[in-house]
Amino acid sequence: MLGWQRLAPAWTGPLLEGVDPVGLFHPGEGPRLRRTFTTALFAVAGHLAKADGPVQEAEIETARGIMRRLELNEEQTRAAIALFQHGKEASYPVERALRRLGRDCARRALLDRFLEWQMEVALADSGIVHAERNLFDTMAEILGYSRYDIRRVEDTVGTRLRPPPENGTERALAVLGLGPEADMATIRRSYRQLLSRHHPDRVTARGGSEAEIRAAAEYTRELRAAYEALAEQRAAGVVARAGEGS
């Protein structure tokens, strides 16, 4: 019981054992798993929201949206809010909560959902900062995911949350993590940094799995296509301006 008291206020446990949203848990996934999953979900979300400084209203509202999707009743919602607040503490044992989740939850699809909801909280404000990225690395290591798995979750959730770019230039800039103000030097620098960091050869040298190597190859193709499209566009603009001045 002492371990649970460090992970969550004791009064929240019995309430969370009855969480039963349609379609999330399988019939054989009993009270212990439901308690473990929901405890980790909201406490880790609170820790994640606090990682980049003061918790923003958008992060709180995202957490409340997850509570609504879980079909929590009033008492369960109060417990989830308490967990979110508990997780914000710097001393919260986040790795312990994740290890318990990884031990109790054997179903990958349920862990996928956990990561997707954490990503929604992380992307609710201005995007993912270094401290949040480190926390996702910890989640990946403990729960058995790769960095490329986390990137795919980020891409999937980000696409769902953000309006799609209106044109090819915006899409290409988004792939490189840049905004419309980026000049060609910035585009080139970002491309080279991302390509160096995620190149399949580097993943291979690090002992990455075949799936990780394939994901890295796909990502580098996206990077190259985005860079080439932007370089061609910028070059066309230079030629056009030169023609206007002749």
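This is a predicted model: local features need pLDDT of at least 70, side-chain atom pairs count only at pLDDT 80 or more; totals for chains, interfaces and linings use all residues.
**Stop 1: P14**

Select P14. This residue sits in helix α2, which covers residues 12–16. Is P14 buried or exposed? P14 has a relative accessible area of 56%. The cut-off for exposed is over 50%, so P14 counts as exposed. R35 is 21 residues from P14 along the chain, yet their C-alpha atoms are separated by 7.7 Å.

**Stop 2: helices α4 and α5**

Select residues 57–69 for helix α4 and residues 74–87 for helix α5. Two packed helices are described by the angle between their axes and the distance between the axes. Here the angle is about 145°, and the axes lie 11 Å apart. The crossing of α4 and α5 is right-handed. Which residues make the contact? From α4, show I60, A63, R64 and M67. From α5, show T77, A80, I81 and F84. Colour them by type: six are nonpolar, one is polar and one is charged.

**Stop 3: T220**

Move on to helix α13, residues 210–245, and pick out T220. Its relative accessible area is 4%. Buried means under 20%, so T220 is buried. What lies around this residue? Show L195, H198, H199 and P200. T220 is in contact with these four, leaving aside its neighbours within four places in sequence. Finally, look at A217. The backbone oxygen of A217 is 2.8 Å from a polar atom in the T220 side chain.

How values were computed
Residues are numbered from 1 along each chain as its sequence is written. Side-chain values use heavy atoms; hydrogens and water are left out. Helices (H or I, at least four residues) and strands (E, at least two) are DSSP runs, numbered from the N terminus. Buried means under 20% relative accessible area, exposed over 50%, partly exposed in between (1.4 Å probe, protein chains only). A polar contact is a pair of N or O atoms within 3.5 Å; within protein, one must be able to donate a hydrogen and the other to accept it, and residues adjacent in sequence count only if both atoms are side-chain atoms. Contact means heavy atoms within 4.5 Å. Axes are lines fitted to C-alpha atoms, for helices over the stretch in contact, and angles run from 0 to 180 degrees between N-to-C directions. A crossing is left-handed if the near helix is turned anticlockwise from the far one by less than a right angle, and right-handed if clockwise. Ala, Val, Leu, Ile, Met, Phe, Trp, Tyr, Cys and Pro count as nonpolar, Asp, Glu, Lys and Arg as charged, and the others, Gly among them, as polar.
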